[in-house]
Amino acid sequence: MLRKKDLLGLKDLSKEELERILAHAAEMKSAFVARESLDNLKGKCVATLFYENSTRTKNSFETAARLLGARTISISVATSSVKKGESLIDTGRTLDALLTDVIVIRHSMAGTPALLAKNVRASVVNAGDGMNEHPTQSLLDLFTMKEKFGTIKGLKVVMVGDVRHSRVARSNLWALGKLGAETAIVAPYTLIPKGIEELGCEVYTDFEDAAAGANVVMGLRIQLERQKIGLFPSISEYGEHFAVTEEKLAEICPDALVMHPGPVNRGVEITSGVVDGESSLINEQVTNGVAVRMAVMDFLAGGER
C-alpha cells in the first residue's frame, strides 16, 4: 500500500514501499504472461493525458488498465481543448467530472503532475515530467534487475549517456540507492548535471573506468534535438568514447546485462549488436513495464489499496 493517493516520484518512497510494489508486480506479471484478465479495477476509469509523444509508456499504461478491468480514456492533447487554451487544472477537473479514478500524465515541465494532483480527486501517476522523474520506468528497471539477479542490494549499475536531460536516471538513482545498489554515471562533462553526485552515485567521464565490474549497463538516450546547442562535437566522436558496443562490453564487463529505457538510437548510444544480443534485457523491460504499472494502479485505485 502506498501512503499517498498519487505516485509522483520515487524520491519520497520508502524502501518498504518500493519492495512492496516490486513484489506485487511479480504477481501481476504472472497474470499478464498467462493472458489473464483481472477485475481489480472493474468499474474504475484510467485516463492517459500525454503532452509529449510516447509509444511504450502510454500503451503500457493502457494495456495494464484494461488487464485490470478498467475502462480507459486516451486524451490526445493535439486534438483536445488544450489547443483552445484549456488549462491543465480545468482538464483535470473535467476528468474528475467523468468519474476518472487514475490520471496518468506526461508533461515537458517538471512539477506538472504534482500541480495536477493537488487539484483533482483522482489519483495521479507521473509518466515523466520534464527533467525531473519517471517513476514507473525506474520501477520496471528495478523489477527487471530483481528478476535476473534475485536482489538489487550489492549490484553495480552504470548509466551511460545523456544524464543531464534524463528523468529516468534521476528516478533510478533515488531508488537504487534506497535498495542498496552501487550506482555510477558516465558521460561527457557537458551531459553531467551539476550536483548529481549528491544522489549517491560515482561520476565518470571514462567508460572503461565506470563500467569495470558492472552487473548492469544502462544506456540513456542521446536526445539528438539537444545536439543543436553543441553539447559534444559530433555523434561519431560521442560514439567512439561512450557508445555501448559489443567490443567494450566483452573487454570491460563481459557478464554485464544491458538495459535501455527506449526509444533506442541504434548506432548512437548503443549498437544494434548489443540491442539484439544475448545480454540485452530491453524487450523484457517492455513486458515488465505492464506488470509494474498494473501493480501501481492496483495500489492506487484497486483492491490492494
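Which residues of β3 are buried on one side and on the other? I looked at both faces. Val102, Val104 and Arg106 are buried on one side, and Ile103, Ile105 and His107 are buried on the other. I take buried as under 20% relative accessible area, exposed as over 50% and partly exposed as in between, with a 1.4 Å probe and protein chains only. By that count, 6 of the 6 residues of β3 are buried.

**Ground rules.** The model is predicted: local features need pLDDT of at least 70, side-chain atom pairs count only at pLDDT 80 or more, and totals for chains, interfaces and linings use all residues. Residues are numbered from 1 along each chain as its sequence is written, and side-chain values use heavy atoms, with hydrogens and water left out.

**Entry: the sheet around β3.** I traced the strand order next. An open sheet of 4 strands runs β2-β1-β3-β4, with parallel pairing. Strands are DSSP runs of E with at least two residues, helices are runs of H or I with at least four, and both are numbered from the N terminus. Two strands pair if DSSP finds at least two bridges between them. β2 (71–76) and β4 (123–129) are the edge strands, each pairing on one side only. On average, neighbouring strands are turned by 15° against each other, direction ignored. For angles, I use lines fitted to C-alpha atoms, for helices over the stretch in contact; angles run from 0 to 180 degrees between N-to-C directions.

I then checked the partners of β3. β1 and β3 pair in the parallel sense over 5 bridges. Thr48 has Val104 in β3 as its bridge partner. On to β4: 5 bridges join it to β3 (residues 102–107), and the two run parallel. Contact means heavy atoms within 4.5 Å.

**Entry: Glu62.** I picked this residue out of helix α2. Is Glu62 buried or exposed? Glu62 counts as buried because its relative accessibility is 9%. Its side chain makes a polar contact with the side chain of Lys58 at 2.9 Å. A polar contact is a pair of N or O atoms within 3.5 Å; within protein, one must be able to donate a hydrogen and the other to accept it, and residues adjacent in sequence count only if both atoms are side-chain atoms. Leaving aside neighbours within four places in sequence, I find Glu62 in contact with Thr48, Thr72 and Ser74.

**Entry: the five-stranded sheet.** What is the order of the open sheet of 5 strands? I read β7-β6-β5-β8-β9, with parallel pairing. Its edge strands are β7 (202–204) and β9 (257–259), each pairing on one side only. Neighbouring strands here are turned by 20° against each other on average, direction ignored. β8 (residues 216–220) runs parallel to β9, joined by 3 bridges. Val216 stands opposite Leu257 in β9. Helix α6 (residues 167–178) packs on the sheet, touching β5 (156–161), β6 (182–186) and β8. I get about 165° between the directions of α6 and β5.
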